[in-house]
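Hi everyone, thanks for coming. Let me put the structure up, and then we can walk through a few parts of it together.

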Amino acid sequence: MPVLSRAELSRTGVIVVALLLAVCPTGAVAREFRAADTQTEDYPTVQALRYMGALIAERSGGRHEIKVFHSRQLGEEKETIEQTRAGAIDLNRTNVALIGNFVPAMNVLAMPFLFRSIEHMQKVLDGPIGSEILDSFEPYGFVGLAFYDSGARSIYNGVRPVKTIADLKELRIRVQQSELMSQMIRSLGAEPVEMPYGQVLTGLANHLIDGAENNWPSFVTTDHYRHAGHYTLTEHTMSPEVLVISLKAWQSLSPDDQKIFREAAQRSSRFMREKWRDLEEQSQRKALEAGVTIIRDIDRKPFEDAMAPIYAKAGREPVAAALIERIRKVE
């Protein structure tokens, strides 16, 4: 037998591995998937993405891995959504209000005062309605995998306590880059300022804006509470986060691997909820210890009544109107 050199042995090894992969029953090619999240490394959604990645690596025998880019490393949410749609980013955790610019059903979930409670929201998303919404993403270049919780969003500012709608008059309130959110703040008598999430802290510190609206963890983990000492529990939206995969990445997976990804995403959703509850409690305690004034006792009805034009507009679209009605009927 001929004696092979080390280089020849190496090349032979590569060929053998390639042949083994070629006859692999799934026919799937191993790869690393890039996932985007604008939140910090220890945030529940980032932890959930890593948990999902561990499940996928285990279930696929190490063929597939997820590399999570947190803290806006791949850009702000508006940018990463566009990149995901184009296939440049594989997975993306984003708020429904922003992806609603592409997927119409998401705008319904972002409607103010739609959900009666977090429990009501979870029941909707965990049931047939949630599944139907996730299935509606494909024509727009995404595949919906799972919903993550985002708590209730409330209004905070550094000017004065907001106890009534009148107290909001002329306050400059940052909102997501979403026409729906701008309409909501405008309907409450304040001035909406569409601004990327990563610029809000600077905006508050330099008084370019008076306040913003978000959930407890975002209010605290971003240090917004240091410049906006009045937090009013309007709880105007309970819109969830959504985890999507680009259609291009999804179509590169075998049916068996698609099942692995979907099941891992659903398990990561349950994992995320547990982490979220803990972080919400920690964030509220930290805000109170820092001297933030929490305005709890407000009359929500005038706030809800101010949303009438937004619901009237949504009602002119039969699909959106039917979905709103179905959600409200869930007990």
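The crossing of α2 and α12 is right-handed, meaning that the near helix is turned clockwise from the far one by less than a right angle. Before I go on, this is a predicted model, where local features need pLDDT of at least 70, side-chain atom pairs count only at pLDDT 80 or more, and totals for chains, interfaces and linings use all residues. Residues are numbered from 1 along each chain as its sequence is written, and side-chain values use heavy atoms, with hydrogens and water left out.

Back to our two helices. The axes of α2, residues 44-59, and α12, residues 255-289, come within 8 Å and cross at roughly 145°. Axes here are lines fitted to C-alpha atoms, for helices over the stretch in contact, with angles from 0 to 180 degrees between N-to-C directions. Helices (H or I, at least four residues) and strands (E, at least two) are DSSP runs, numbered from the N terminus. Among the residues that meet, α2 brings Tyr51, Met52 and Leu55, and α12 brings Phe271, Trp276 and Leu279; contact means heavy atoms within 4.5 Å. The residues of this contact divide into 14 nonpolar, 3 polar and 4 charged.

Now, what does α12 lie across? It lies across β1, β2, β4 and β10, running at about 25° to β4.

Those strands belong to an open sheet of 5 strands in the order β2-β1-β3-β10-β4, with mixed pairing; two strands pair if DSSP finds at least two bridges between them. β2 and β4 stand at the edges, each with a single partner strand, so one side of each has no neighbour in the sheet.

Let's look at β10, residues 241-246. On one side, β3 pairs with β10 in the antiparallel sense over 5 bridges, with Asn95 partnered by Glu241. β4 also pairs antiparallel with β10, over 6 bridges, and there Val143 has Ile245 as its partner. By contrast, β1 and β3 pair in the parallel sense over 2 bridges.

Is β10 buried or exposed? 6 of its 6 residues are buried, that is, under 20% relative accessible area with a 1.4 Å probe, protein chains only. Glu241, Leu243 and Ile245 point one way, and Val242, Val244 and Ser246 the other.

Val242 leads us to the largest nonpolar core, of 54 residues, where it is one of those with the most contacts. Such a core is a set of buried Ala, Val, Leu, Ile, Met, Phe, Trp, Tyr and Cys residues joined through side-chain atoms within 4.5 Å. A second, separate core of 29 residues includes Leu55, Leu145, Trp276 and Leu279.

Terms used: Nonpolar A, V, L, I, M, F, W, Y, C, P; charged D, E, K, R; others polar. Buried < 20%, exposed > 50% of the residue type's maximum accessible area, 1.4 Å probe, protein only.
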